[in-house]
Amino acid sequence: MATKGASLERSLQRAKDLSLRFRWGTRDFLWPRRCAGCGLRGSWLCDDCARRFELWTPFWCPRCGVPPELWSCRCGVLPRALGRVRSIGLYEGWVEQAVSLIKYGRESARAASLGPLMARQVRDLPAHDLIVPVPLHRRREAERGFNQSAELAAALAFEVGQPVSLNLVERIVQTRP
């Protein structure tokens with residue numbers, strides 16, 4: 001009986017993965033890709049812009065995730081509730097532009113291109129059971145039409161093979177963008 005349940009779970013996961021790929025493919029067709037750094041058509045990030053912005057690689061602080069050659073450890077400014085933090089790099093250049101285009105430019109398909117980059121950064125973290133995106137307040141989600149954190153979480157989950165929970169936490173206070 002356990003094998004039937006596991007088989008059904010794998011089938012459902014494959015169906016979700018296919019649905020996600022179809023959704024991303026449809027968006028790519030309707031809204032062609034353009035580089036977050038320079039706007040060049042054809043890819044979410046062109047080779048020139050990728051070379052100009054160095055993604056963080058190990059060795060970094062095990063808690064705050066900052067490479068020591070760039071900055072001093074940032075653990076002192078992290079809330080105690082955060083055990084470990086990772087980022088693909090500084091929030092500037094094409095990374096900042098990509099996130100901005102997802103949030104405000106309604107380019108939710110761009111989130112899929114960040115999935116592999118995020119997955120690379122979390123490989124050293126302890127095993128996890130679930131990915132939980134930061135929720136948007138219901139009014140802001142209605143304004144934008146989607147939750148960019150949920151799109152990024154889906155892209156990461158796809159890469160690392162973990163489920164996403166969209167309803168585990170709720171934002172009850174509407175904060176400034």
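Biologist: Is Gln121 buried or exposed in this structure?

Modeller: In this predicted model, Gln121 is found in helix H4, and leaving aside its neighbours within four places in sequence, it is in contact with Trp56, Trp60, Arg86, Ser87 and Ile88. A residue counts as buried when its relative accessible area is under 20%. The relative accessible area of Gln121 is 2%, and therefore Gln121 is buried.

Biologist: How are helices H4 and H6 oriented to each other?

Modeller: Two packed helices are described by the angle between their axes and the distance between the axes. Here the axes of H4, residues 111-121, and H6, residues 148-160, come within 8 Å and cross at roughly 50°, and the crossing is right-handed. Angles of 65 to 115 degrees count as roughly perpendicular and those under 35 degrees as roughly parallel, so H4 and H6 are oblique to each other.

Biologist: How many nonpolar residues does the contact of H4 with H6 have?

Modeller: On the H4 side, the residues that meet H6 include Leu114, Gly115 and Met118, while on the H6 side they include Glu151, Leu152 and Glu159. By class, this contact has 2 charged residues, 1 polar residue and, as the number asked for, 10 nonpolar residues.

Biologist: Which element gives the largest share of the largest nonpolar core?

Modeller: Of the 20 residues in this core, Ile88, Trp94 and Leu114 touch the most other members. The elements that give two or more residues to the core are helix H3 (93-104), H4 and H6. The largest share, 5 residues, comes from H4.

Definitions and conventions:
Residues numbered from 1 in each chain as written. Predicted model: local features only at pLDDT ≥ 70, side-chain atom pairs only at ≥ 80, totals over all residues. Heavy atoms only, no water. Axes fitted to C-alpha atoms, helices over the stretch in contact; angles between N-to-C directions. Helix = DSSP H or I, 4+ residues; strand = E, 2+ residues; numbered from the N terminus. Parallel < 35°, antiparallel > 145°, perpendicular 65-115°, else oblique. Left-handed = near helix turned anticlockwise from the far one by under 90°. Contact = heavy atoms within 4.5 Å. Nonpolar A, V, L, I, M, F, W, Y, C, P; charged D, E, K, R; others polar. Buried < 20%, exposed > 50% of the residue type's maximum accessible area, 1.4 Å probe, protein only. Core = buried A, V, L, I, M, F, W, Y, C linked by side-chain atoms within 4.5 Å.
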